[in-house]
Amino acid sequence: QVQLVESGGGLVQAGGSLRLSCVASGRTYSIYAMGWFRQAPGKEREFVAASWSGGITYYADSVKGRFTISRDNVKNTVYLQMNSLKPEDTAVYYCNANSTSSGSLWGQGTQVTVSS
């Protein structure tokens, strides 16, 4: 079993930065990919960034050059460093993990609000 706990959301002004953290516990050795999704009010959940085994990363076009996903396998934590934030980045951000033992799992979400 794998569990995910997110933190780091908050309110920032446009141009500011936030770093989201997602701590995985349980059978973390079974995780082969982790990522971040977001969902704005009235919109469907959308992909933001992913980190795959072997150091491969993927980003949505809307965040390329501004967001960076990273993983600390010792701390069992995935991060999303968000720079140059824009009001359109406002959403609930969800951590996702794909595990051979637990399948696809989601965190509870953390609110990111960017004011203009």
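This is a short walk through one predicted protein model, from its overall build down to a few single residues.

Some ground rules before we start. The model is predicted, so local features need pLDDT of at least 70 and side-chain atom pairs count only at pLDDT 80 or more, while totals for chains, interfaces and linings use all residues. Residues are numbered from 1 along each chain as its sequence is written, and side-chain values use heavy atoms, with hydrogens and water left out.

Overall build first. The protein has eleven strands and zero helices. Strands here are DSSP runs of E with at least two residues, helices are runs of H or I with at least four, and both are numbered from the N terminus. Read from the N terminus, the order is β-β-β-β-β-β-β-β-β-β-β. The radius of gyration is 13 Å, close to the 13 Å that the globule rule gives for 116 residues, so the protein is as compact as a globular protein of that length. That radius is taken over C-alpha atoms, and the rule is 2.2 Å times the number of residues to the power 0.38. Along the principal axes, the C-alpha atoms fill a box of roughly 40 × 25 × 25 Å.

Now burial and surface. Of the 116 residues, 41% count as buried. Buried means under 20% relative accessible area, exposed means over 50%, and partly exposed lies in between, with a 1.4 Å probe and protein chains only. The protein exposes about 6,100 Å², and carbon and sulfur atoms supply 49% of that area. Accessible areas come from the Shrake-Rupley method with a 1.4 Å probe; for residues, only the protein chains shown count as cover. Contacts next, meaning heavy atoms within 4.5 Å. Take the contacts with a separation of 6 or more: residues 24 or more positions apart account for 55% of them.

On to the sheets. Two strands pair if DSSP finds at least two bridges between them. Four strands form an open sheet in the order 1-3-8-7, with antiparallel pairing. Strand 1 (2–7) and strand 7 (67–72) stand at the edges with a single partner strand each, so one side of each is left without a neighbour in the sheet. Neighbouring strands in this sheet are turned by 15° against each other on average, direction ignored. Axes for that angle are lines fitted to C-alpha atoms, for helices over the stretch in contact, and angles run from 0 to 180 degrees between N-to-C directions. Strand 1 and strand 3 (residues 18–26) run antiparallel and are joined by six bridges. There, S7 stands opposite S21.

Look at strand 4 next. Strand 4 (residues 31–39) pairs with strand 9 (residues 91–99) in the antiparallel sense, over eight bridges. G35 faces N96 of strand 9 across that pairing. Strand 4 also runs antiparallel to strand 5 (residues 46–52), with six bridges. The hairpin of strands 4 and 5 has six residues between the strands, and G42 in this hairpin takes a positive phi near 80°.

Which residue of strand 5 is the bridge partner of R38? The partner is E46. R38 sits in strand 4. At 4% relative accessibility, R38 is buried. Its side chain makes a polar contact with the side chain of E46, at 2.7 Å. A polar contact is a pair of N or O atoms within 3.5 Å; within protein, one must be able to donate a hydrogen and the other to accept it, and residues adjacent in sequence count only if both atoms are side-chain atoms. A second polar contact, of 3.4 Å, joins the side chains of R38 and S62. Leaving aside neighbours within four places in sequence, R38 also touches other residues, among them V48, F67, D89 and Y93.

Finally, the loops. N76 lies between strand 7 and strand 8 (77–82). Its phi is near 55°, a positive value in a residue other than glycine. N76 is partly exposed, at 28%. S84 lies in the loop between strand 8 and strand 9. S84 is not a glycine either, yet has a positive phi of about 50°. S84 is partly exposed, at 41%.

Is Q108 buried or exposed? Q108 is exposed, at 73% relative accessibility. This residue lies in the loop between strand 10 (103–106) and strand 11 (110–115). Leaving aside neighbours within four places in sequence, Q108 is in contact with E6 and Y94.
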